[in-house]
Amino acid sequence: MQHIISILVENKFGVLSRVAGLFSGRGFNIESISVGTTLDSSTSQITVVTMGDDRIIEQIIKHLNKLIDVIKVIDLSEKDYIVREAALIKIHTSRPEDRSEALRITEIFRARVVDSTPSTYTVEITGDENKIEAIINLLRPLGIKEIVRTGKIAIAREDMKQTAMQELKKVRA
Amino acid sequence: MKMSGAEILIESLKKEGVDTVFGMPGGVVLQIFDVLYNEKNLKFILTRHEQGAAHAADGYARAKGKPGVALVTSGPGATNTVTGIANAHMDSIPLIVITGQVATRMIGNDAFQEADIVGITRPCTKYNFLVKSVDELAKTIKEAFYIASTGRPGPVLIDLPKDISGARTDFEYPEKVSMRSYNPTYYGNKWQIKQAAQAILRAKRPVIYAGGGVILSNASGELKELAELNRIPVTLTLMGLGGFPGTHPLFLGMLGMHGTYAANMSVHDADLVIAIGSRFDDRVTGKVSEFAPKAKFIHIDIDPTNIRKNIHVDIPIVGDVRNVLVELNKELKTLEENRNQLIRERDPWYSQIKEWEKGHPLSYKKSNKVIKPQYVIEKIYELSGGDAIVASDVGQHQMWVAQFFKYDRPRTSITSGGLGTMGFGLPAAIGAQFACPDKLVFNVAGDGSFQMNVQELATIAVNKLPIKIVIINNGSLGMVRQWQELFFNQHYSGSIIKDMPDYVKLAEAYSIKGLRATNPSEVEGIIKEAINTDGPVLMDFIVDPGENVFPMVPAGAANSEMIFGESAKSVKDKTAAKKEKKNSVLPA
């Protein structure tokens, strides 16, 4: 089963390599990995998408927790979460009818054309995996020159009940 | 007070209580060695190879129970320590390895003697640092010692660029370490401990299976209490030897591939296995699906990744082995009421174990014509009164030592368990002798493994270390030869060592006393002479070249499917038959 694991780490050099090395060294699979700093500039958030049965995921999480630079590990798959990825798609649009078709598709998907040359458009899109796959499939007949995709980033949805309770407590206090 | 990075390093090591550092100098660490030149409270021991330095620091740590320290130069000096680091990593030994690095502005330029040692050692250290500013050096050293010696111990590497050693700053050694991302669990879950106590009292056929964690957390006293209080038989892993007295009536011997019949059968038939500071290594479990098939498992370990890695555990307890055992023993004592009756109900279990012990004790065919390797080990045990540190190397002799030297105390068995590093024994003995200068230290090696770090004879000679080196000389890489004999149709490919040096003359070349025995009648006299000699002695025992380690669980088989010396022939015939069958279906 696919799992999205969110890892909060110390923002030190080599930390991404430690996390990635853990996966490769133990034969665990990485489907995608992305990393960026958080609000606190001394930490970074790494999002890893991986596959495995319960036993493997348990081992992955334990091993991640064991890394000295890892502050917190969350398996988002156990929660309600929002996941996004982004892609830049460069398409051939030499003929005028291709250009209008490209613009139409871009609009349907709420994507944007971010660069244009006489023979190409470059389209920017964000969304979940299905949405990105869908736009790629529609653009393919025009002729795709190049695609670059980020890995997934994910965040847990705020627990509505809990937030409400906390607000209530605040009001009462 | 302003100090240079080199001075800060040495002062920090002293503040950590380091008295001995093993290593070799080189270009980028000259500033550090310049500080060492006038240093009186910190011994620097020059080894002849950086691998030797790392193993010596490892042996020191195992014998002393505190981190060993190695100091080497950049590039080849650093990469030469990698095997030593990986070895310590597998066996969870606290080690601090300080490597020189080229100046920060040169890093990444393929400078002379540059290697990305932080990158190279990332998978085989517990943690590693590249020091980028002299201001963070003291804090880095404090953290390195803290990480190496707490939680599940392990090696930590500090890569120190040349310009940092030379830069100056105010020196202040931090008193405390606080790392938000590193918080080992030291105390076991109370409820789980209660569950474990209940399970232990209720068990009809319990066995304790303890490993190196017992020694690392200094818990052998607590282990003994647990076993004696509840009369539970104990088996140890290779790494656990000495963690429970080898002469104790409850001791079953080692388990696993070359373990005793009683230990393996006890685990196989147990209804409760209490795993303590051990990690279910494949050399221990044999075929995992048939390891203790009737048992419930309690597993105590400080490292949660060890739990449920290979085996389903019913009662996992994460925590320091010693702390957990203290609590567990306390809990068991409160459940006093009918202990004696419960223990009495286990009588059939004890008599079954006695039967196994009687049926297949550790043994070998004695001879008065050719020296049997096991006989040499028995004599070393007998003549030293068992009161010695034995650093063994890796191979057949290692297993014979594990079987026939009855370690009674922790930190006296020094051996490469996880990585199986040939060449470990000689430098490790050096480290152990520095850690325990008053103890009798043996290095038992095979003729194959001995040659892997033979240059360290010089370190022994120069430092006049009274180490007694024992070479079990069978003219081959014995364990490889044994596997080829049993499972590869006696094709002795690459395992026979021809044109061996004369080890006695070799010892003499280093001004070390050399002795040789070729006949069983000479064995005792030579060991006595070695023990009574003040300095180092090398003993070359020319042993039966055909002797094998038994009992044995073939790789991939269940522990209950052991083969003994007498049944080895049928195994050979079987593999030969299999081979023939395979050959017959091949096209001509």
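Buried means under 20% relative accessible area, exposed over 50%, and partly exposed in between, computed with a 1.4 Å probe on protein chains only. The structure is a predicted model, in which local features need pLDDT of at least 70 and side-chain atom pairs count only at pLDDT 80 or more, while totals for chains, interfaces and linings use all residues. Residues are numbered from 1 along each chain as its sequence is written, chains are lettered from A and ligands numbered from 1 in the order in which they are written, and side-chain values use heavy atoms, with hydrogens and water left out.

Select B:Asn218 to begin, in the loop between α10 (212–216) and α11 (220–230) of chain B; helices (H or I, at least four residues) and strands (E, at least two) are DSSP runs, numbered from the N terminus. B:Asn218 is partly exposed, with a relative accessible area of 47%. Leaving aside neighbours within four places in sequence, B:Asn218 is in contact (heavy atoms within 4.5 Å) with B:Arg322 and B:Arg411.

Next, select the six strands of chain B that form an open sheet in the order β3-β2-β4-β5-β7-β6, with parallel pairing; two strands pair if DSSP finds at least two bridges between them. At the edges stand β3 (43–46) and β6 (127–130) of chain B, each with a single partner strand, so one side of each has no neighbour in the sheet.

Then select strand β2 (residues 20–23) of chain B, which is joined to β3(B) by four bridges, and find B:Val21 opposite B:Phe44 in β3(B).

Finally, turn to α2(A), where the buried residues include A:Ile57, A:Ile60 and A:Leu64.
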